[in-house]
Amino acid sequence: MNYRIKHFESIDSTNKLALELINNSPPDEGLVVWADEQTEGKGHSNNLWESEKGKNLTFSLVLKPSVIDPAEQFILTQMISLAIRTLITKFVPDEAVKIKWPNDIYIAYDKVAGILIQNILKGNEIDYSVIGIGLNVNQETFRSDAPNPISLIHYTGASVSVEDVLSKLLIEINTIYSRLGSKNYLEKLNKLYLENLYLYKKQGNFREGKNEFKATLEGIGEYGRLKLRLENGKIQLFDFKEVEFVL
Ligand code: BTN
């Protein structure tokens, strides 16, 4: 994939701009919209993504993943989560770096990166996928009530070049993306995702609405749903937003 980087000092949201570009002048895949500051960075569930100007990595990558069936779009989540995880372990080799389902990246019990994927479907194909990534690099204090943010600098002690993180991450993504076409690789991707999944095969506390319960994380079901074994032994599948981890 050929990357082309559009760098901005300040825009509302890199995902939003990438979607506008797709609408107005459909780009080839590999376009990267990177901003030092987002005035309306989007997180999941209508949350704002907090990131101090110039301190962290906030960008969106435009892909045209025609090899991926829309019903299997969770593959994109797995691919990007694993690429970010691999990169982070290179900066913090002594820490446990895990993926909290579906796509938060954690160092120990703190969130270092989040992913917001927005797909545009055409017929039975994913026409475009906008992969928005926020990775905390040098920000030392966070104002928002996000539960537990952390940056790489907390572990490295010295500041890290955001541009260097971006270029290394794009290499990790390309490595995985270029292998997606092969069937055997998808099995490997699934295996790697599970191996690096927070709480995999362990018991944890979860919340569904107001109901808190204990369950064992058994794996991932169809459409990327979370597969939990409840205390009564029954398996239940949860969609994103139906269940939360209680950390
Ligand atoms: C989450 O809530 O965990 C997802 C956060 C995604 C944030 C990134 S920052 C770059 C891109 N542009 C946005 O507006 N959001 C994503």
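Strands here are DSSP runs (E, at least two residues), numbered from the N terminus.

I then widened the view to the two strands. Strand S9 (residues 211–220) and strand S10 (residues 226–230) run antiparallel to each other, paired over 5 bridges. I counted two strands as paired if DSSP finds at least two bridges between them.

Before going on, I noted the ground rules. This is a predicted model, with local features taken at pLDDT of at least 70, side-chain atom pairs at pLDDT 80 or more, and totals for chains, interfaces and linings over all residues. Numbering starts from 1 along each chain as its sequence is written, and side-chain values use heavy atoms, without hydrogens or water.

Sheet. I traced an open sheet of 5 strands, ordered S11-S10-S9-S8-S12, with antiparallel pairing. Strand S11 (235–238) and strand S12 (244–246) are the edges; each has a single partner strand, so one side of each lacks a neighbour in the sheet.

Domains. I took the bounds from an automatic or database domain assignment. The assignment gives domain 1 (4–195) and domain 2 (203–245). Their centres, taken over C-alpha atoms, are 25 Å apart.

What lies between the two domains? I found about 870 Å² of buried area, 83% of it from carbon and sulfur atoms. Buried area is the accessible area (1.4 Å probe) that two parts lose on being put together, summed over both. In contact (heavy atoms within 4.5 Å) are 9 residues of domain 1 and 12 residues of domain 2. I found 0 salt bridges between domain 1 and domain 2.

Salt bridges. My rule was a side-chain nitrogen of Lys or Arg within 4 Å of a carboxyl oxygen of Asp or Glu. By this rule the count is 13 salt bridges. I picked out Glu9 and Lys53, whose side chains meet at 2.8 Å, N to O. Glu9 sits in strand S1 (residues 4–11) and Lys53 in the loop between strand S2 (31–38) and strand S3 (57–63), so the pair ties together parts 44 residues apart in sequence.

Backbone. I checked that S2–S3 loop again: it also holds Ser45. Phi of Ser45 is near 50 degrees, a positive value in a residue other than glycine. Elsewhere, I noted a cis peptide bond from Trp101 to Pro102, with omega near -5 degrees. Pro102 is in the loop between strand S4 (97–100) and strand S5 (104–107).

Definitions and conventions. Helix = DSSP H or I, 4+ residues; strand = E, 2+ residues; numbered from the N terminus.
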